[in-house]
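Okay, everyone, thanks for coming.

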Amino acid sequence: MRILYILSIGMALSACGQADYSTWNCYADGQPDQKVVMVLQESTMKIGDQKLSYCGSLGLVSYFDRSCKAETKNSIAQLIPSQSLLTIDTKQYRCEKL
């Protein structure tokens, strides 16, 4: 019984050190050969060589930018995870979560 208790504590502690992230493949609308990889880790979006910070959400849309603006809707990236839709500037991508 004691060994089971020690094992369960050890497993719980090892899970605490894991980073929470998800990886997505995103394809430009109308250009399926243009693929970019997006990684969402904690409050950061990494896409290509860009690193964007989470600025907030309004409804289903999450907003990301290099530096958050007073008006969240003016952020350069908008993500709608439920629709797998990403917009950066004016370019739209369809994404699939890996």
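First, some housekeeping. What you see is a predicted model, so to speak of local features we need pLDDT of at least 70, side-chain atom pairs count only at pLDDT 80 or more, and totals for chains, interfaces and linings use all residues. Residues are numbered from 1 along each chain as its sequence is written, and side-chain values use heavy atoms, with hydrogens and water left out.

Now, what is the chain built from? There are one helix and eight strands. Reading from the N terminus, the order is α-β-β-β-β-β-β-β-β.

How are the eight strands arranged? They close into a barrel in the order 1-2-3-4-5-6-7-8, with antiparallel pairing. From one strand to the next, the twist averages 30°. That angle is taken between N-to-C directions, on a scale from 0 to 180 degrees, with axes as lines fitted to C-alpha atoms. Two strands count as paired if DSSP finds at least two bridges between them.

Let's look at strand 1, residues 21-28. Strand 1 pairs with strand 2, residues 31-41, over eight antiparallel bridges. The two form a hairpin with two residues between them, and Gly-30 in that turn has a positive phi of about 80°. Strand 1 also pairs with strand 8, residues 91-97, over five bridges, again in the antiparallel sense. Ala-28 shows both pairings: opposite it in strand 2 is Gln-31, while its bridge partner in strand 8 is Tyr-93.

Further along, strand 6 (residues 77-80) and strand 7 (residues 85-88) run antiparallel, joined by four bridges. There, Gln-78 has Thr-87 in strand 7 as its bridge partner.

What about burial? Of the 98 residues in the chain, 32% are buried, where buried means under 20% relative accessible area, with a 1.4 Å probe and protein chains only.

Last stop: Thr-44, which sits in strand 3, residues 44-47. Is Thr-44 buried or exposed? Buried, because its relative accessible area is 18%. Leaving aside neighbours within four places in sequence, Thr-44 is in contact with Val-39, Lys-51 and Leu-52; contact means heavy atoms within 4.5 Å.

Conventions. Buried < 20%, exposed > 50% of the residue type's maximum accessible area, 1.4 Å probe, protein only.
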